[in-house]
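Please open the structure in your viewer and keep the selection tool at hand. The tour below moves step by step, telling you what to select next and what is there.

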Amino acid sequence: MGPMQPQRSSDIDALDRATSAFLNARPRLFGIAYRMLGTAAEAEDIVQEVWLRWQSTDRSVVRDETAFLVTTTVRLAISVSQSARSRRETYIGPWIPEPVDTTADPTLGADRGEALELAVLILLEKLSPNERAAYVLREAFDYSYRDIADFLQLTEANARQLVTRARKHVADERRAQVSSSEHRRFLEAFLSAAQKGDLTALKAMFVEDVVSITDGGGIIGAARIPVLGRERVAKFIAGFPSRFWGNTTFSWIQVNGQSSVLIVRDGAILALASVDASPQGIGQILWVMNPAKLATISRSLPTPGQNP
């Protein structure tokens, strides 16, 4: 048994190093997969698959452990995104990415908090999987075009083109954003006016082409088509029945890097409300009501607070 001990110790050391490399990269891997797919559950599945593949890989030939893990994550996410798109075609009503609590990790494992806000993830849904991957890797994780080309098995010129097209799409579709403190003030003012059914106040804070999007996943009472335009959205919000707001409290939470509000009644979350705002006003109101998407948030929810 004696001669076998050094080999056994070496194997254990190698496994420890492999585990350490994976755990160090894990927040980044999850952050990439989540931005590419818009669901925490699918991102977690991919990270677990990367771990299984990493365990069975001949790591002696891997020169850059993190790069290997990122490459595996990106390619798995691209594959999953293709089937996810077909599933969303049968989704009942509008689809909003699954919100994630970013209180502890505001940038979700990234160098920057880019491509994380719900409104941006919705825009990224319109990109090809390669465009989305390139944008996420560049804007959130600051990878070089050479690295992105290697991850996606493209030329560096093609990687640049993908990022440029994705940037243009986001810039064309989204106004300049307000500061985080101003964003919260917009949301506070919106919720106050919504509770009161104050049509005038609501219209005053909306841009002309404001849209209200509700992701209910088919639950009764959730709007199944987006509501467009200042007048229509204001009337839609002001027309919420009083029972919707009755006996509710608001719990403020950092979701996808932004202040959002959980609307809670009797300890159960009715909805998550978030807005996308520019200096011109609120351009998008997002309501997440699908219980499956709220379940993840509820697990990390502290005791609900009071109305602001």
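A polar contact is a pair of N or O atoms within 3.5 Å; within protein, one must be able to donate a hydrogen and the other to accept it, and residues adjacent in sequence count only if both atoms are side-chain atoms. This is a predicted model, in which local features need pLDDT of at least 70 and side-chain atom pairs count only at pLDDT 80 or more, while totals for chains, interfaces and linings use all residues. Residues are numbered from 1 along each chain as its sequence is written, and side-chain values use heavy atoms, with hydrogens and water left out.

Select Asp215 and show its side chain: a polar atom there lies 3.4 Å from the backbone nitrogen of Gly217, and the side chain also reaches the backbone nitrogen of Ile96 at 2.8 Å.

Next, colour strand 1 (residues 206–215), where Asp215 is found; strands are DSSP runs of E with at least two residues, numbered from the N terminus. Strand 1 pairs with strand 6 in the parallel sense over six bridges, where pairing requires that DSSP finds at least two bridges between two strands. Within this pair, select Ile213, which stands opposite Leu286 in strand 6.

Now select strand 6 (residues 281–288), which is largely enclosed by the rest of the structure, because eight of its eight residues are buried.

How values were computed
Helix = DSSP H or I, 4+ residues; strand = E, 2+ residues; numbered from the N terminus. Buried < 20%, exposed > 50% of the residue type's maximum accessible area, 1.4 Å probe, protein only.
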